[in-house]
Amino acid sequence: MPVIAFANSKGGSGKTTSALLLAQAFAAHRPTTLIDADPRHPITTWAEKPGKPKALTVVTNASEKTILDEIEEAAARDPFVIIDLEGTASRLMSYAISQADLVVIPMKEQQQDAQASLDVIEEIHRDMKATRRKIPYAVLFTQSRAAVKSRTARHIAGQFRDNVQIDTFDTEIHERDAFAAMFAMGGTVADMAPTQVNGLPKALANIEDFRAEVVAKLRAIRDDAAGRAA
C-alpha cells in the first residue's frame, strides 16, 4: 500500500497542514493511517478534538527506533499511509524516506524554504544509494497566494518548476482560512459550515485538486515500476 512521507527540514513549511489535508481527503474514500512523527505532535492534538473521521487512524510516533515498525503495521492495515515528519533533518526522517513510495516536499515560496527543500532532495538521493531503489519525490508549494504573487515568489517557484530534474506539483496549497481553522476547531474541512470560515468552496476544491494529483502521481509511479520490471 502507498506510503507517502511529508518532509522538509525547516519548520513552518506547511508540511503538517498539507499532510493532514491529504489524509482527510483519502479517509473520505478509504481507511487511512496518518503517522504523527513531528515532536510537537500537532496532528495528535488535532485528533483529540471532536470530528476526526472514523476511517482515519492517527498514530503518534514514539521514537526513531519505532518508526519502521509503525510504518509496516500501518501499511499492512490500511490502503494509504501518510507520515508527517519532524521539521529537522534526522535519522527518523531518513528511515521514513527509505520506506516511502512518494516523498512530498512542502515549501513556501521563500529562500529559506527553498534551501531546506534542496537539503531534503539531497537526503533522498543519499537514501536511494543506501537502499538501491528509486524514491520518487515532488515539491509542493504551500501557503501560496491564489491570485497575485510577488516577484520573489514567482522567481523561487520558477527555479524549481523550470528544473527538469525536480518534479513539482501543479497544485499549490493556498493560504486559506479553513486550513488554519481545522487545527483550532478540530474535524475536517469538509465538515465545516460556510458560516464558520471564509472561502470554503475554494478550500474544498484546492484539497480535491491535491488529492487527485497525488493519486495520479502514485499511478504513474506504479506504472513506471511495472514497466521496469517487465
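**Close-up 1. Arg 211 and the residues around it in the predicted model.** Leaving aside residues up to four places away in sequence, Arg 211 touches Leu 22, Ala 25, Phe 26 and His 29. Arg 211 itself sits in helix 8. Its relative accessibility comes out at 18%, so Arg 211 counts as buried, the cut-off being under 20%. For a polar partner, look to Glu 208: the side chains of Arg 211 and Glu 208 make a polar contact at 2.7 Å.

**Close-up 2. The largest pocket and its lining.** This one has a volume of about 670 Å³. There are 26 lining residues, and those nearest the centre are Asp 101, Pro 136, Leu 218, Ile 221 and Arg 222. Helix 8 (200–229) turns up again here: with 10 residues, helix 8 gives the largest share of the lining. Helix 5 (111–131) and helix 8 each supply at least two lining residues. Sorted by class, the lining of the largest pocket holds 14 nonpolar, 10 charged and 2 polar residues.

**Close-up 3. The second largest pocket.** Here the space is about 230 Å³. Zoom in on the centre of the second largest pocket and you'll find Gln 24, Ala 25, Ala 28, Thr 188 and Ala 190 closest to it, out of 16 lining residues. Two or more of the lining residues come from helix 1 (15–27), and likewise from helix 8.

Note on methods: Residues numbered from 1 in each chain as written. Predicted model: local features only at pLDDT ≥ 70, side-chain atom pairs only at ≥ 80, totals over all residues. Heavy atoms only, no water. 1 Å grid on protein atoms, 1.4 Å probe; cavity = no way out; pocket = protein on both sides within 12 Å on 5 of 7 lines; lining within 4 Å. Points joined across faces, edges and corners; volume = space filled by probe spheres on them. Helix = DSSP H or I, 4+ residues; strand = E, 2+ residues; numbered from the N terminus. Nonpolar A, V, L, I, M, F, W, Y, C, P; charged D, E, K, R; others polar. Buried < 20%, exposed > 50% of the residue type's maximum accessible area, 1.4 Å probe, protein only. Polar contact = N/O pair within 3.5 Å; in protein donor to acceptor, adjacent residues only side chain to side chain. Contact = heavy atoms within 4.5 Å.
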